[in-house]
Amino acid sequence: MITLRVYVVMLLQFIIWSGYTLIEWLSKHDQLVYKVIMFFVFFYLAYLIGDSITKSSRKTLFLTGLSLVIYTSIHYTLELYTH
């Protein structure tokens with residue numbers, strides 16, 4: 001059963017991924033290695049916030065991966081339709 005905590009974690013992680021997208025757009029002239037490091041920093045931040053809410057490392061890792069996949073799918077689908 002999906003609880004309110006799962007919804008809160010997914011919402012907060014979508015906000016984090018949106019922040020990552022904004023920061024990546026602002027740093028479009030940076031080298032790839034810095035973008036990869038920045039991705040891992042945001043992933044870790046999303047994981048820490050999720051873990052503090054769910055209190056389960058396994059569930060948090062699953063939710064973080066799921067929110068990343070859903071956000072990426074929505075992001076690229078909207079990009080496909082707007083360009």
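These legends describe close-up views of one predicted model.

Residues are numbered from 1 along each chain as its sequence is written. Local features need pLDDT of at least 70 and side-chain atom pairs pLDDT 80 or more, while totals for chains, interfaces and linings use all residues; side-chain values use heavy atoms, without hydrogens and water.

**View 1. Helix H2, residues 32-54.** Helices are DSSP runs of H or I with at least four residues, numbered from the N terminus. H2 has 23 residues and spans 33 Å from its first C-alpha to its last. That is close to the expected 33 Å at 1.5 Å a residue, where the expected span is 1.5 Å times one less than the number of residues. Its buried residues are Lys35, Met38, Phe42, Ala46, Gly50 and Thr54. Buried means under 20% relative accessible area, exposed over 50%, and partly exposed in between (1.4 Å probe, protein chains only). An α-helix has 3.6 residues a turn, so residues three or four places apart point the same way. The cover over the buried residues of H2 includes helix H1 (4-26) and helix H3 (57-82). Lys55 follows H2 and has a positive phi, near 60°.

**View 2. The largest nonpolar core.** Eight residues form this core: Ile16, Trp17, Tyr20, Met38, Phe42, Ala46, Leu68 and Tyr71. H1, H2 and H3 are the elements that give two or more residues to it. A nonpolar core is a set of buried Ala, Val, Leu, Ile, Met, Phe, Trp, Tyr and Cys residues joined through side-chain atoms within 4.5 Å.

**View 3. The surroundings of Trp17.** Neighbours within four places in sequence are left aside. Trp17 is then in contact (heavy atoms within 4.5 Å) with Phe39, Phe42, Phe43, Ala46, Thr64, Ser67, Leu68 and Tyr71.

**View 4. Ser27 in the loop between H1 and H2.** Ser27 counts as buried because its relative accessibility is 12%. Leaving aside neighbours within four places in sequence, Ser27 contacts Lys35 and Met38.

**View 5. Leu11 in helix H1.** Leu11 counts as exposed because its relative accessibility is 54%. Leu11 and Ser67 are 56 residues apart in sequence. Their C-alpha atoms are 8.7 Å apart in space.
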